Protein chains: 2
Amino acid sequence: MSAPEQERLARAALSRLTEPGEPRLSGLLAELGPVVLRDRLLEGRGSDGLQDDVATRLAACDPVAELERAERFGLRFVVPGDEEWPAQLDDLAGVEPLHRRGGVPVGLWVRGPLRLDALHHPVAVVGSRSATTYGTAVAAEISAIAGREGYAVVSGAAYGIDHAAHRGAVSADGPSVAVLACGADRAYPVAHRAMLEFLAAEGAVVSEAPPGCAPTRIRFLARNRLIAALAEGTVVVEAAVRSGALNTATWTSRLNRHLMGVPGPVTSASSQGVHELVRGGAATLVTSGADVLEVLGAAGEHLAETPRGRERSRDRLTRRQQQVLDAVPLFQGAAVDSVARAAGVALLEVQTALVALERTGYVERGEDGWRLAARAHD
Amino acid sequence: MSAPEQERLARAALSRLTEPGEPRLSGLLAELGPVVLRDRLLEGRGSDGLQDDVATRLAACDPVAELERAERFGLRFVVPGDEEWPAQLDDLAGVEPLHRRGGVPVGLWVRGPLRLDALHHPVAVVGSRSATTYGTAVAAEISAIAGREGYAVVSGAAYGIDHAAHRGAVSADGPSVAVLACGADRAYPVAHRAMLEFLAAEGAVVSEAPPGCAPTRIRFLARNRLIAALAEGTVVVEAAVRSGALNTATWTSRLNRHLMGVPGPVTSASSQGVHELVRGGAATLVTSGADVLEVLGAAGEHLAETPRGRERSRDRLTRRQQQVLDAVPLFQGAAVDSVARAAGVALLEVQTALVALERTGYVERGEDGWRLAARAHD
């Protein structure tokens, strides 16, 4: 199944001539369809002032050549109506704009073999560019565990947490999707060129902006909504109070997707934004990949094991022995009847238990009576 | 106001001859009153088997001498009916026993000038004995901030978090209460003798166990319920999965008091128990003394300031200038009309804005057009 060619061409033209996340576009597209909308704009007919910005340029635009050139560079333009269209993005239609960005994208420019309609439990792992080594280690670990389960790790290819997220997924041979603010043919940041090439070869590199576009701040804001909307849930690993990752978090909440936060030291500014999300109830606290799988997985599919701690040797004692052991003073000795009173256990039973506990090294007999021995402190 | 002397004597006898938190005692006391209960037990009359444990010793017990001796050592025995009785402990009557400990205490043995009926917003700060330097620093800081507000910091005088909690409160000249598992005349751990003497001189040292008693494991369990019940809320700073602090946390929840948890690195075993509490929804995440005051304070009395982060210089730009600045590429230059298109702003306005932004150091003109300058990255 694929969208009609006329629609694809109209969308390619609109993609080139409007900004990603242009909030007026999504509603008009839904109402008129891409062909009629493009034609109206070409005719300079009123649509919220959008025509003033684009009309002249729309006429000069050549979407046929644009799509051919994209194909030569290994890019495809995925649009609503295509089998590959990730339907979860349509949820964006129901969400109010944020920072003047919003709506369902006109289309997505994609590089890489991963099909966007077949992402298995996509999970966004995002956070600060200026991450700590703690944050990057946790992001990589969570992404590796998600990747090992075949979950698609979605992130923004930025420095810090994003990079660690892709790296973690790749290390586990898991699928990973980079959503960029610049054209999908470009490498930003330049230092991540090799990683982006790898993702383009084995995963997917996606952008709402057409090839060649430079990243701008509003394109980052528009991009963040796509990260949130592609994924079933977003894990924020580290985010200072004004981190862009909090923008992705807000989109996640507005989309009613799972928002998760990894805590860190309260003394770390990099965790402050995450703590705010958890404290305010917006995000669920997660501490591991297992926690994330539990939040996202089908019920019962992944249940994070509640950590039980090291089994204490006292767990192997009988209930009566434990009761008696609990009543032996931590220091100073105690007579049998004093232990019996403290334990609420009959004298004879206490004697039996104390002898057994002495044999196994839990208590010892001193001049002043029974006291705990080394093993009781295990 | 003070309890009838006969009742105080009966309670002193019962305190000496039953274990702290003896779960059968509380209901019987409420039903029969201390005098009748003691007399019944003296007569060996059936009360859940309690009489077998205590009858003979009750006869031999001399509460008059006990109270006189206590007074000589600077201890008072506070019982229900006394003006000083902390009424919040009565809530324990409605809570099921935990680890075979429960109920309202028979009475409290108290050293120190702080009156238990006049604790201002008592808050428990508890956690692992084997705390990290991170944990003790945070516990001391939170307690200092609570102490500075005159809140009474309640803890257990143990190593680690407890010690840091008392230390933090004292450092801010705030009231602090140590609740012990041994007699209030004793120092456990011995290394904290000086701190306990200080609290006895300026705050309060409290125990349900009569003077001279050694600490046993069940006395710790009984003690934890008093820490939870004395306080309006409990802050767990660090707790491994099997930490005793989680016992205090459970009491706090069962008493419907505020349970708060301080997060830490997910890689730290010492924070694992706290993270479980937050993740499961039992505890509210708190990151500072201000957060704790907000949870405990009267509505509006303390509102933790949502951290806003360093104000960015861009906040001082006009809305139009921000809009234009957002549309300037992060790297590579862009022509004015390209910026105008990205910003969705008329060409003339963009030119005006760019010139203003150039003057203030946000953008610069290169050979390839406008690009961001250093200040834009502030």
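Chain A carries an open sheet of 9 strands with mixed pairing, in the order β1-β2-β6-β5-β4-β3-β7-β8-β9; two strands count as paired if DSSP finds at least two bridges between them. The model is a predicted one, in which local features need pLDDT of at least 70 and side-chain atom pairs count only at pLDDT 80 or more, while totals for chains, interfaces and linings use all residues. Residues are numbered from 1 along each chain as its sequence is written, and chains are lettered from A and ligands numbered from 1 in the order in which they are written.

At the edges of the sheet lie β1 (76-78) and β9 (284-285) of chain A, each of which pairs on one side only. Strands β5 (residues 176-180) and β6 (residues 204-207) of chain A run parallel and are joined by 4 bridges; here V177(A) has A204(A) of β6(A) as its bridge partner. Helix α12 (residues 289-296) of chain A packs on the sheet, touching β3 (123-126), β7 (233-236), β8 (258-261) and β9 of chain A, and its direction makes about 165° with that of β8(A). For such angles, axes are lines fitted to C-alpha atoms, for helices over the stretch in contact, and the values run from 0 to 180 degrees between N-to-C directions.

In total, the secondary structure of chain A comprises 15 helices and 11 strands, taken as DSSP runs numbered from the N terminus (helices: H or I, at least four residues; strands: E, at least two). The C-alpha trace of chain A spans about 105 × 35 × 35 Å along its principal axes. Of the 378 residues in chain A, 57% are buried, that is, 20 or more other C-beta atoms, placed from the backbone, lie within 10 Å of their own.

Turning to the assembly, 41 residues of chain A are in contact with 42 residues of chain B, contact meaning that the C-beta atoms, placed from the backbone, lie within 7 Å. On the side of chain A that touches chain B, α6 (133-148), α9 (217-230), α11 (269-279), α13 (319-327) and α14 (336-343) of chain A each supply at least two residues, and α11(A) gives the most, with 5 residues.

Conventions. Two residues are in contact if their C-beta atoms, placed from the backbone, lie within 7 Å. A residue is buried if 20 or more other C-beta atoms lie within 10 Å of its own, exposed if 12 or fewer, and partly exposed in between; C-beta atoms are placed from the backbone.
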